[in-house]
Amino acid sequence: MTRCRSSRVLGFGHHVPERRVGNAEIEASLGLEAGWIERRTGIRHRHWAGAGDTLSGLAAGAGAAALADAGIAPDAVGLVLLATSTPDHLLPPSAPLLAHRLGLPKTGAIDLAGACSGFLYALTLADGFVRTQEKAVLVVAANILSRRINPQERASAVVFADAAGALVLGPSRDEETGLLGIDLASDGSQYDLISVPAGGSNRPFAPDIAPQDFLMTMRDGKAVFSQAIHMMSRSAERAMARAELTAADIDRFVPHQANARIFDAVAAELGLNAAKTVRSIKDYGNSSAATIALSLSLAHQAEPFRPGEKLLLSAAGAGMTGGAVVLGMGR
């Protein structure tokens, strides 16, 4: 029997809350002039969770869509990976509940907290599982960041959003599909550029802690901007080199949708034609780990990926953590 040599994407899916929030609502609350947010971020709208929405619910919507697109039986899935910074609870993890809701109760299931690059880390782990176990993996990235926004902090209030994206990765005998080049990176010297100061084991919940300390804060937006461009660009260069490809070989660039100016700068540094960049930020904002998975699903929906296409995925975020993946399509 021929052994699995690689992985390949079997299906995509995404899901967002019904509530759609335009810039005007946020600009009015922060006293910003009309058009300020879009000029600086590229965002026009974003989706925010309603009272009845849950993280596991958003993830289940995206996961179900990806499984339906893949068209595989539940027993073909061996693992569920959920990349999120906003689980339903601090304990237990949300992935087992997600697997249960999707009718996959006998699979392994675990959360991964990798901030904005979490989807790429999950995708890398999924590829290893597929190659060694020859079973499919459901990778879901989802966040409800609207409940972690400090509405008075401009840097975070204008960009963050809620969404879920998913894909199914399965075994392949074609060495030109799946993850062709990978680079994962971190820089702990920039650890606290983006953080939720309280609520962890260092500063557990207590009555005397100010409520805003349980919300997300961006300490230095300019530093985040420059560090993200550097990390995304260098990781992308290394991932392409490991895949033995150049920028000219890339068919579509699917970056983390943190800020349009960030990923446009990365594309320019890499020498990528701007027309190759997949953009979802205008209508969906920044949902951290979910943005690349969401963008992949939306792009496939609009113009299905062709066999042989080479995609470059790149992200950077809190921690700092980052990475890049070259993904070969083989549907």
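Guide: The following account treats the interface and then turns to some backbone features. This is a predicted model, in which local features need pLDDT of at least 70 and side-chain atom pairs count only at pLDDT 80 or more, while totals for chains, interfaces and linings use all residues. Residues are numbered from 1 along each chain as its sequence is written, and side-chain values use heavy atoms, with hydrogens and water left out.

The protein chain is divided into domain 1 (6-173) and domain 2 (178-329), with bounds that come from an automatic or database domain assignment. Their C-alpha centres lie 14 Å apart. To the contact (heavy atoms within 4.5 Å), domain 1 gives 53 residues and domain 2 gives 50 residues. The size of an interface is often given as the accessible area lost when the parts come together. Here the buried area is about 4,000 Å², with 65% from carbon and sulfur atoms; buried area is the accessible area (1.4 Å probe) that two parts lose on being put together, summed over both.

One salt bridge is found across the interface of domain 1 and domain 2, a salt bridge being a side-chain nitrogen of Lys or Arg within 4 Å of a carboxyl oxygen of Asp or Glu. The side chains of Arg20 and Asp283 form a salt bridge (3.8 Å, N to O).

Helices (H or I, at least four residues) and strands (E, at least two) are DSSP runs, numbered from the N terminus. Helix 5 provides the largest share of this side, eight residues.

A cis peptide bond, with omega about 5°, joins Leu91 and Pro92, and Pro92 is in the loop between strand 4 (77-83) and helix 4 (95-101). The bond from Gly319 to Met320 is also cis, with omega near -20°. Glu244, which is not a glycine, has a positive phi of about 55°. Most residues other than glycine have a negative phi, and most peptide bonds are trans.
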